[in-house]
Amino acid sequence: MKNKKTVLITGGAGFIGSNLSEKFVEEDWNVIAVDNSITGTIKNFESIKNSPNFSLIEKDVSLPLKIPGKIDLILHLASLASPVKYVEYQIETLWAGSLGTFHTLDLAKEKNAVYLLSSSSEVYGDPKVYPQNEDYWGNVNPIGPRSMYDESKRFAEAAVMAYHRSYNVDTRIIRLFNVYGPKMKIDDGRVVCEFIRRAINKSPIQIYGDGKQTRSLCYIKDTIDAIWLITQTNGFNGEVFNVGNPDEKTMLELAKLVLKHTESKLKIEFLPKRTDDPQRRCPDISKLHKLTGWSPKVNLSEGVKKTIEYYKNQL
Ligand SMILES: NC(=O)c1ccc[n+]([C@@H]2O[C@H](COP(=O)([O-])OP(=O)(O)OC[C@H]3O[C@@H](n4cnc5c(N)ncnc54)[C@H](O)[C@@H]3O)[C@@H](O)[C@H]2O)c1
């Protein structure tokens, strides 16, 4: 029991954090989830809440973190993550990316823990390079309507590299590209669950713009497998990795897939294009693939089907 490794997961009650908490409990790690429940829910811990390896600390990471005992690994995921939510909580988003990142980095420094930041493809903004590899610096509007999120992630990445260079903290940054799947809140506002929510509620699916804009959507199981490998492999200190599925799909294709798997004949409505909504997003994942052999296994049709089943069971 004493030799078990301990991981602290901020944002642990959220979509990705709770799936990661389950994975680490399964792998026989002690898991400490830290969350202020702004978008997450303790219902996501149903399968592990009684495990002796699991504990939850209800706390805002924008405040200093004092956690007793040894910690081997810190995964900093706490952030508003849905475009609907980060626009609603603009200041809190910037706090989680700045203060939250400093507090978790200070904890990593104190505990001599490996540190992973969950960053985002949004650091590339509306990219001018396809596909985006980790060396691309991005095309971000620093004062635009999504800037509180994009810049909070860019600042967080700079803070991680500063702690890595100044204090030798063993860090990894992952840039996630549109993850979807079970445990994502159905009213979260992100595209896959929003289309499914509308289809289940029998309301027309709404697309901003002409539907030709693309996203690369990665199923949660593939994302968790990638994060597991990135945290368990030696030699990744100071590295940055794209994590996503390069299989680019238009929003119109996604809408049609959701209609097919929900067996609905609903209309698709086209709304005006949103400001700063990127036209194309596609990760270059060759770096991670070359170093670990990882590549996504779940195709969009299969992933959407599994996600619809999950939501139907929840309802
Ligand atoms: N899901 C994606 O497609 C995606 C893509 C790119 C990056 N990310 C990043 O991955 C991480 C997890 O995203 P998610 O999709 O699971 O979102 P989520 O909203 O489901 O989870 C975020 C969690 O962080 C918690 N949280 C927010 N602010 C906090 C604070 N100040 N203190 C403590 N807890 C706080 C929320 O309550 C929630 O449980 C985020 O950092 C997000 O930016 C996600």
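**Close-up views of the predicted model**

**Figure 1.** Isoleucine 9 stands opposite leucine 75 in β4. The structure is a predicted model, in which local features need pLDDT of at least 70 and side-chain atom pairs count only at pLDDT 80 or more, whereas totals for chains, interfaces and linings use all residues. Residues are numbered from 1 along each chain as its sequence is written. Strand β4 comprises residues 73-76 and runs parallel to β1, to which four bridges join it. (Strands, E, at least two residues, and helices, H or I, at least four, are DSSP runs numbered from the N terminus; two strands pair if DSSP finds at least two bridges between them.) β1 also pairs with strand β2 (residues 30-35), again in the parallel sense, over five bridges. Within β2, isoleucine 32 is the bridge partner of leucine 8.

**Figure 2.** Strand β1 has both of its faces covered. In a regular strand the side chains alternate between the two faces of the sheet. Thr6, Leu8 and Thr10 are buried on one side of β1, and Val7 and Ile9 are buried on the other. (A residue is buried if 20 or more other C-beta atoms, placed from the backbone, lie within 10 Å of its own, exposed if 12 or fewer, and partly exposed in between.) Because five of the five residues of β1 (residues 6-10) are buried, this strand is largely enclosed by the rest of the structure. Together with α1 and β2, β1 makes a right-handed β-α-β unit; right-handed denotes a path from the first strand over the helix to the second that runs clockwise with the strands pointing away from the viewer.

**Figure 3.** The ligand is surrounded by 28 residues. The closest are Gly11, Gly14, Gly40, Ala81 and Leu176. Two or more residues of this shell come from each of the elements α1 (15-26), α3 (90-111) and β5 (114-120). (A residue counts as near a molecule if its C-beta atom, placed from the backbone, lies within 6 Å of it.) The largest share, three residues, is that of α1. By class, the shell contains 14 polar, twelve nonpolar and two charged residues. (Ala, Val, Leu, Ile, Met, Phe, Trp, Tyr, Cys and Pro count as nonpolar, Asp, Glu, Lys and Arg as charged, and the others, Gly among them, as polar.)

**Figure 4.** Valine 191 lies in helix α5, which spans residues 191-200. Valine 191 counts as buried because it has 20 C-beta neighbours inside 10 Å. Apart from residues up to four places away in sequence, valine 191 touches Arg215, Met251 and Leu254. (Contact requires C-beta atoms, placed from the backbone, within 7 Å of each other.) Arginine 215 is 24 residues from valine 191 along the chain, and their C-alpha atoms are separated by 9.6 Å.

**Figure 5.** Aspartate 170 occupies the loop between α4 (147-167) and β6 (171-176). With 17 C-beta neighbours inside 10 Å, aspartate 170 is classed as partly exposed. Val114, Tyr115 and Asn237 are in contact with aspartate 170, leaving aside its neighbours within four places in sequence. The C-alpha atoms of aspartate 170 and aspartate 35 are 23 Å apart in space, and the two residues are 135 residues apart in sequence.

**Figure 6.** The protein chain, shown for context, has nine helices and 13 strands. Of its 315 residues, 47% count as buried. The C-alpha atoms of the protein chain fill a box of roughly 55 × 45 × 40 Å along the principal axes. Among contacts with a separation of 6 or more in the protein chain, 80% are between residues 24 or more positions apart.

Methods:
Contact = placed C-beta atoms within 7 Å.
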